[in-house]
Amino acid sequence: METPRQFQQLINEVDELLARLDDEHSPQLDELRSRVEATMSQAKSALRKQGPSTASQVRHYAAVADDYIRGYPRMAFASGILLGVVLGFIAASARARD
């Protein structure tokens, strides 16, 4: 799981390097820049195709929930109560059937 993070870090560092060299121009440097940019494009595409890891998806949804709770605390509290009531009802119904 560490490899995708290291790969993303490498991509970010190469992007920074290309940004720093943006003012420098020579035929060799321009050719190298175009080759690196093409390779980086392929690497980014491969990284996107791999898809986000489960851990990063969980972090994303946790951040969304946190933003929602911080933005609408009363609504989040009411939603929590409603969810608790629904789950309690489902559990009670399941016990009643058994």
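Tutor: This is a predicted model, and the mean pLDDT of the protein is 80, with 92% of its residues at 70 or more. Confidence is lowest in helix H1 (residues 2–20), where the mean is 76, and highest in H4, where it reaches 87. The protein holds four helices and zero strands, so that the order of elements from the N terminus reads α-α-α-α. Its radius of gyration is 24 Å, well over the 13 Å that the globule rule gives for 98 residues, and the protein is therefore more spread out than a compact globule. In keeping with this topic, the C-alpha trace spans about 80 × 30 × 20 Å along its principal axes, and buried residues make up 8% of the 98 residues.

Turning to the part you asked about, the axes of helix H3 (residues 54–71) and helix H4 (residues 73–97) come within 5 Å and cross at roughly 115°. Because angles of 65 to 115 degrees count as roughly perpendicular, H3 and H4 are described as roughly perpendicular to each other. On the H3 side the contact is made by Tyr68, Ile69, Arg70 and Gly71, while H4 contributes Pro73, Met75, Ala76 and Ser79.

How values were computed:
Residues are numbered from 1 along each chain as its sequence is written. This is a predicted model: local features need pLDDT of at least 70, side-chain atom pairs count only at pLDDT 80 or more; totals for chains, interfaces and linings use all residues. Side-chain values use heavy atoms; hydrogens and water are left out. Axes are lines fitted to C-alpha atoms, for helices over the stretch in contact, and angles run from 0 to 180 degrees between N-to-C directions. Helices (H or I, at least four residues) and strands (E, at least two) are DSSP runs, numbered from the N terminus. Angles under 35 degrees count as roughly parallel, over 145 as roughly antiparallel, 65 to 115 as roughly perpendicular and the rest as oblique. Contact means heavy atoms within 4.5 Å. pLDDT is the predictor's confidence in each residue, from 0 to 100. The radius of gyration is taken over C-alpha atoms; the globule rule is 2.2 Å times the number of residues to the power 0.38. Buried means under 20% relative accessible area, exposed over 50%, partly exposed in between (1.4 Å probe, protein chains only).
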